[in-house]
Amino acid sequence: MIACFRAFRKKMHLLLLPLFAVLLAACQPVAIGGANSGGPRIDPSAPVPVALLVPRGGSASDELLAKNLENAARLAMRDLGGVEIDLRVYGTAGNASKAAAAASQAVNEGAKIILGPVYGEAANAAGVAVASSGVNVISFSNNPTIAGGNVFVLGPTFANTANRLVSFAKRNGKDKMVVLHGQDLAGQLGRDAIVQAISANGATLAGTVDYALSQESVVAAVPRVKATIEGSGANALFLTTSSASALPLFAELLPEAGIQSATTQYVGLTRWDIPQQTLALTGVQGGWFALPDTAASGAFSNRYKAAYGSDPHPLAGLAFDGIAAIGSLVKGGKSNALTGAALTQGAGFQGASGIFRLRRDGTNERALSVATIRNSRVVVLDPAPRGFGGAGF
């Protein structure tokens, strides 16, 4: 396996973007701003018109994602116990202008809330298009820069993951951290999230080291990381990169440079268990990363596969979550069930990967487990909390 990654290192000239950063907009979108509070009134005793914006009409991968999102939404509708959803599906082709047009059409046709679209730029455009109507948009993006006003982001955020991991690290004596990040948008947002989490949890930022998305820059960053750790006495190294980007290279080079996990705790902002080959990397052994509630995620995956004959797309659960939240609120029988104030109620919702809640700033909080890798296997160190307000939040 290591030989394979050494060959990979020799051939790699331009690193890919992190896997879970695909939801980020290609450029900085314009946030609508303001607190989420408004929303149209509904008749909770009648079917609630819900628009689902999916990237139908785009690439082959987008078509697959679109179908998976619709499937997951319909799967969630089976659990609503008396609440009726009139689900109306609109294609966006993964395009911002088409997303805006679809959102406007949906509202004109009576939609009381919009789920989706996926990509940050498209979600921002959809929110802007319907802002004057008061209809809220629960997008599947994870880009916090578009959150606010009538736009929520349902995708897992850097801030949520960083806070969970920094809090766990602090409680376990790893409280002086160096942040290693890419110079791209995802790397910068990841760095900022970690720095904010360090401050919020009373830990210490021992330094930051950046690198460009090239093999040469990654290699050159390693001695800078070592010097920063040794000069500051840091006991943890937080990496923003993923297995689809620089993680395989750093996982080889950092230990070779003498940065050992026995003294410097490696922590990852991304999932280190995806793909499975990542688990065999020398540098991730003993490292910490966050992942969703494994029991809830497994149950959702099994239900989806039983219903549709295939495993769900990694993002499919977001559509399930959106319908679950809407159904839970409408079940209360109130006409203001889909206002911003209702959507951000503190108790949260039970979703495909555990509990979650929407925040007044348009972002979200999700229950996450903290895991490590031992002998190329995932071991959960701290399970995802089952309620808000306790350990893990």
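The side chain of Ser232 reaches the backbone oxygen of Thr228 at 2.7 Å. This value, like those that follow, comes from a predicted model. Ser232 belongs to helix 7, which covers residues 215–232.

**Ser232 and its surroundings**
- Ser232 has a relative accessibility of 18% and therefore counts as buried, since the cut-off for that class is under 20%.
- Setting aside residues up to four places away in sequence, Ser232 touches Lys176, Val178 and Ala206.

**Ser243, in a loop**
- Ser243 is located in the loop that runs between strand 8 (236–239) and helix 8 (247–256).
- With a relative accessible area of 14%, Ser243 is buried.
- A polar atom of the Ser243 side chain lies 2.5 Å from the backbone oxygen of Ile274.

- In soluble globular proteins, nonpolar side chains tend to be buried together.
- The largest nonpolar core has 43 residues, of which Val50, Ile85, Phe140 and Ile323 touch the most other members.
- At least two residues of this core come from each of strand 1 (48–54), helix 2 (60–77), strand 2 (85–91), strand 3 (113–115), helix 9 (294–308), helix 10 (316–330) and strand 12 (354–358).
- Helix 10 makes the greatest contribution to this core, with nine residues.
- Another core, of 30 residues, lies apart from it, and its members include Val178, Ala221, Ala251 and Tyr266.

**Val209, in a strand**
- Val209 is part of strand 7, residues 204–211.
- Its relative accessible area is 2%, so Val209 is buried.
- Neighbours within four places in sequence aside, Val209 is in contact with Val178, Val179, Leu180, His181, Ala221, Arg224, Val225 and Thr228.
- Val209 and Val179 are 30 residues apart in sequence, and their C-alpha atoms are 6.3 Å apart in space.

**Pro314, an exposed loop residue**
- Pro314 is found in the loop between helix 9 and helix 10.
- Pro314 counts as exposed because its relative accessibility is 77%, and the cut-off for exposed is over 50%.
- Along the chain, Pro314 and Leu69 are 245 residues apart, while 9.9 Å separates their C-alpha atoms.

Definitions and conventions. Residues are numbered from 1 along each chain as its sequence is written. This is a predicted model: local features need pLDDT of at least 70, side-chain atom pairs count only at pLDDT 80 or more; totals for chains, interfaces and linings use all residues. Side-chain values use heavy atoms; hydrogens and water are left out. Helices (H or I, at least four residues) and strands (E, at least two) are DSSP runs, numbered from the N terminus. Buried means under 20% relative accessible area, exposed over 50%, partly exposed in between (1.4 Å probe, protein chains only). A polar contact is a pair of N or O atoms within 3.5 Å; within protein, one must be able to donate a hydrogen and the other to accept it, and residues adjacent in sequence count only if both atoms are side-chain atoms. Contact means heavy atoms within 4.5 Å. A nonpolar core is a set of buried Ala, Val, Leu, Ile, Met, Phe, Trp, Tyr and Cys residues joined through side-chain atoms within 4.5 Å.
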